[in-house]
Amino acid sequence: MQRKHIAIIGGGIGGLASAILLARAGYRVSLFEKNPTLGGVCNRSSEDGFTFDTGPSWYMMPEVYEEFFNSVGENIRDYLKLVRLDPSQKAFFDGRPQPYEFSSDFEKDKKVFEALAPNSESALGKYYARAKRRYKIAMPHIRNERSETILAYMKLFFSGKVFGLGRMGTMQREISRLTPSSELRAILSVPSLFLGTMPWRVPSLFSFLTYADFGKGIWYPMGGMYKIVEALVAVGKKNAVEYHTSSPVRRVETEGGRAIGLTLENGERITADIVLSNADRSHTEQLLPASDRDHSDAFWKKKIPTFGAVLIFLGVSKKLPELAHHNFFFAENWDEHLHDIERGVLSQNPSFYVNIPSATDPSCAPSGMENVFVLIPVPASTSLTKEDLDACADRVIEKIATRVPSFKDSIALDRRWYPSDFGEKYNSFKNSALGLALTHFQTAPFRPSHTSRHIDNLYFVGSTTNPGAGVPACFLSAERVVKQIEKAET
Ligand SMILES: Cc1cc2nc3c(=O)[nH]c(=O)nc-3n(C[C@H](O)[C@H](O)[C@H](O)COP(=O)(O)OP(=O)(O)OC[C@H]3O[C@@H](n4cnc5c(N)ncnc54)[C@H](O)[C@@H]3O)c2cc1C
């Protein structure tokens with residue numbers, strides 16, 4: 001019997017992971033990616049001996065990666081050489097001369113927190129314990145789609161088990177009650193930035209990421225995060241997935257309420273029994289005839305994107321012992337920066353993140369040098385000028401130089417990406433870095449689903465669907481959508 005053919009639009013983590021699961025379930029799978037390389041935002045660029053991961057840099061929740069590889073008959077250790085980072089992160093605060101180093105081992109880190117915010121230990125211990133319980137309760141719900149309907153979602157919040165874990169408030173509210181220390185609040189709010197959203201918009205349930213950070217450890221795949229993409233493609237090839245890069249999709253072809261294939265930008269027609277899109281959900285709707293779209297333009301206009309990002313890729317011609325692999329620079333008024341993002345303006349004193357993989361992995365930079373990746377959260381707006389964005393990037397470089405002697409003089413390579421690059425490269429939602437924000441009303445049942453209301457055999461996977469942004473979340477998204485496809489096909 002001829003195998004059914006599934007055409008996948010987009011080669012981000014969600015698309016690559018789904019391709020493997022579907023191939024192993026017996027489908028013929030072809031994947032069409034608009035860019036010359038696979039990986040979506042999890043990508044890589046190299047120049048003058050410096051190699052940069054251009055998207056994710058935090059390898060968190062290692063068990064999700066491991067379980068995915070196990071589920072497709074593979075051992076992740078055959079593909080990735082993982083090292084646990086210690087220190088896992090370094091925090092620099094305006095007005096504090098010395099940085100604070102964390103290990104992502106809560107027992108050890110308690111002392112650092114106590115030095116930062118005296119007398120916080122007991123409250124912090126409770127916060128951490130709650131984050132851990134939330135992690136243990138939330139993960140099976142996410143995996144088994146037990147939060148997909150409004151009723152199930154409400155049950156998750158109000159069931160006796162979860163009710164004791166905190167109200168249905170926001171991360172900000174919970175953290176503010178915990179401690180008056182603005183430094184501690186800033187560190188505990190970092191998970192909201194992993195989700196690309198303000199802590200006052202993120203449901204408090206997501207504090208489970210604090211446990212992922214300080215309880216499960218931060219890891220690094222030697223060679224860089226792009227090794228994850230290479231591993232997925234290697235496993236896909238073993239399972240006969242066909243990859244087509246530089247193949248932007250222009251249209252999803254439909255007939256009588258079913259998808260019948262794709263038309264590529266070059267005019268080529270691809271017939272398919274099922275279509276799965278890993279491209280941004282609102283972009284995918286634009287590929288459909290208007291009558292087949294689930295949502296109007298007005299619906300998407302109202303949706304809140306995550307923040308945008310200024311990315312700076314620096315090749316630095318000396319070692320930087322002052323910095324660790326992961327570094328946060330927190331501005332004195334952390335909230336003010338985030339409010340500026342919501343107001344659509346560039347902050348004069350932003351907080352930002354600095355990643356130096358060559359601190360762990362010498363293969364990323366020429367000998368004696370460092371590859372430095374800087375991420376500044378900014379509004380995901382196209383109205384910001386290149387001059388203003390450049391000035392913002394320059395201010396951040398100046399700020400790093402206050403902690404690292406002769407930093408500016410040692411910059412041998414300086415490349416920058418702005419929010420519009422995300423729109424142009426990946427068709428990302430409103431030029432945002434991480435797609436649709438995870439606010440109360442854009443989470444779980446309120447988030448665009450894996451299925452189409454109008455087209456029976458059209459599905460969606462990746463960060464703009466459930467459960468949301470992050471590499472582990474996209475693995476889970478793939479597992480969920482493939483379960484739904486298989487259920488519909490039997
Ligand atoms: C700067 C940055 C830092 C991050 N840091 C972390 C981190 O440290 N840890 C972590 O876990 N996560 C991190 N994330 C989030 C994580 O990387 C993403 O959530 C995840 O990789 C998104 O995967 P996805 O499946 O949604 O696909 P995407 O990466 O969104 O890929 C979608 C793909 O579809 C393609 N496409 C779009 N339109 C078309 C079309 N018409 N035809 C064909 N192809 C098309 C795009 O080119 C793209 O390749 C970060 C993200 C960014 C941007």
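How many helices and how many strands does the secondary structure of the chain come to?

1. In this predicted model, the secondary structure of the chain comes to 16 helices and 19 strands. The radius of gyration is 22 Å, close to the 23 Å that the globule rule gives for 490 residues, so the chain is as compact as a globular protein of that length.

2. On overall dimensions, the C-alpha trace spans about 70 × 55 × 45 Å along its principal axes. Of the 490 residues in the chain, 51% are buried, and, among contacts between residues at least 6 apart in sequence, 71% join residues at least 24 apart.

3. Helix α1, formed by residues 13-24, packs with helix α10, formed by residues 226-238, at an angle of about 20° and with 9 Å between their axes. Because angles under 35 degrees count as roughly parallel, α1 is described as roughly parallel to α10, and the crossing of the two helices is left-handed.

4. As for the residues involved in this packing, α1 contributes Leu16, Ala17, Ala19, Ile20 and Ala23, which meet Val229, Leu232, Val233, Val235 and Gly236 in α10.

Notes: Residues are numbered from 1 along each chain as its sequence is written. This is a predicted model: local features need pLDDT of at least 70, side-chain atom pairs count only at pLDDT 80 or more; totals for chains, interfaces and linings use all residues. Helices (H or I, at least four residues) and strands (E, at least two) are DSSP runs, numbered from the N terminus. The radius of gyration is taken over C-alpha atoms; the globule rule is 2.2 Å times the number of residues to the power 0.38. A residue is buried if 20 or more other C-beta atoms lie within 10 Å of its own, exposed if 12 or fewer, and partly exposed in between; C-beta atoms are placed from the backbone. Two residues are in contact if their C-beta atoms, placed from the backbone, lie within 7 Å. Axes are lines fitted to C-alpha atoms, for helices over the stretch in contact, and angles run from 0 to 180 degrees between N-to-C directions. Angles under 35 degrees count as roughly parallel, over 145 as roughly antiparallel, 65 to 115 as roughly perpendicular and the rest as oblique. A crossing is left-handed if the near helix is turned anticlockwise from the far one by less than a right angle, and right-handed if clockwise.
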